[in-house]
Amino acid sequence: FAYCDGATIENIHVKGTVSGAKGTYQTEEEETWGGLGGVCDYAVNTSFSHCSNACSVTASSSTYPISVGGIVGYGINCSIDSCSNYASIINDNNKSEGTGGIAGYLDGKTVDFCYNVGNIEGPENVGGIIGYVDFLDSDNFTAMYCKNEGYVESSMGAGGIIGGGKNESGCSLNVISCYNKGTVSGKADIN
């Protein structure tokens with residue numbers, strides 16, 4: 001899917017290859033950002049359940065930020081449950097906001113029971129499960145019972161579960177019973 005709003009996406013399993021410089025993008029107040037994902041590029045108010053990605057997702061250079069994920073590239077107010085990624089997720093865009101095995105950028109509610117075994121690479125904010133968590137429009141965020149066994153590499157901001165994030169709303173970030181078995185490699189801000 002390119003864009004989802006208010007959707008319930010269940011039992012979708014994808015194979016093949018996804019690549020591009022643009023993905024699906026949004027422009028607001030002269031700012032442009034985009035997403036490229038195995039199941040959905042850009043999602044708002046959407047829930048993903050029991051989905052899997054086995055297609056490599058690669059974003060090339062672009063003139064605006066793009067987030068890349070195995071399930072969803074860019075997600076706002078989304079929940080993700082029991083989803084998995086088995087393929088390489090590579091973001092070659094130097095303006096990346098996030099790259100993750102499950103979600104590249106997420107301003108969402110929950111990510112539960114998710115699993116990644118694919119290699120995840122990007123310039124910054126790279127995570128085995130989520131690349132970047134933002135709290136602009138959300139209440140609290142919880143990642144629970146997630147595991148990463150894939151290789152994670154970033155020049156700045158890398159983590160086995162979450163690569164980076166920003167909390168401007170005073171909400172809480174809860175990471176409960178998650179674990180990383182993959183190698184995490186980078187030059188700064190390694191979690």
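1. A definition to start with: a residue counts as buried under 20% relative accessible area, as exposed over 50%, and as partly exposed in between. N45 has a relative accessible area of 38%, so this residue is partly exposed. Please keep in mind throughout that the model is predicted.

2. While we are at N45, have a look at its backbone. Its phi is near 50 degrees, a positive value in a residue other than glycine. N45 sits in the loop between β6 and β7 (47-49).

3. The loop between β10 and β11 (79-81) holds N77, and a relative accessible area of 28% makes N77 partly exposed.

4. The largest nonpolar core has 40 residues, and the members that touch the most others are F48, I80, L106, V111, I130 and F141. Two or more residues come from each of several strands, including β6 (40-44), β9 (66-69), β18 (120-127) and β22 (152-159). With three residues, β8 gives the most to this core.

5. Beyond its neighbours within four places in sequence, L106 is in contact with G75, C78, I80, V111, I130, Y132, V133, D134 and F141. Another core lies apart from the largest one; it has seven residues, among them Y42, V44, Y74 and I76.

6. On to the rings: how many aromatic pairs does a search of the whole structure find? The search finds six. One of them joins Y42 and Y74, which are stacked, with 5.0 Å centre to centre and 5 degrees between the planes. This pair links distant parts of the chain, as Y42 is in strand β6 and Y74 in strand β10 (residues 72-76), 32 residues apart. Y42 counts as buried because its relative accessibility is 3%, and Y74 counts as buried because its relative accessibility is 5%.

7. Y105 and Y132 form another pair worth checking. Their ring centres are 5.8 Å apart and their planes are at 15 degrees; planes under 30 degrees apart count as stacked, so this pair is stacked. Because Y105 lies in strand β15 and Y132 in strand β19, the pair ties together parts that are 27 residues apart in sequence. Y105 is buried, at a relative accessible area of 4%, and Y132 is buried, at 12%.

8. Y3, Y42, Y74, Y105 and Y132 are linked into a cluster by ring pairs.

Notes:
Residues numbered from 1 in each chain as written. Predicted model: local features only at pLDDT ≥ 70, side-chain atom pairs only at ≥ 80, totals over all residues. Heavy atoms only, no water. Core = buried A, V, L, I, M, F, W, Y, C linked by side-chain atoms within 4.5 Å. Buried < 20%, exposed > 50% of the residue type's maximum accessible area, 1.4 Å probe, protein only. Helix = DSSP H or I, 4+ residues; strand = E, 2+ residues; numbered from the N terminus. Contact = heavy atoms within 4.5 Å. Phe/Tyr/Trp six-rings, centres within 6.5 Å; stacked < 30°, edge-to-face > 60°.
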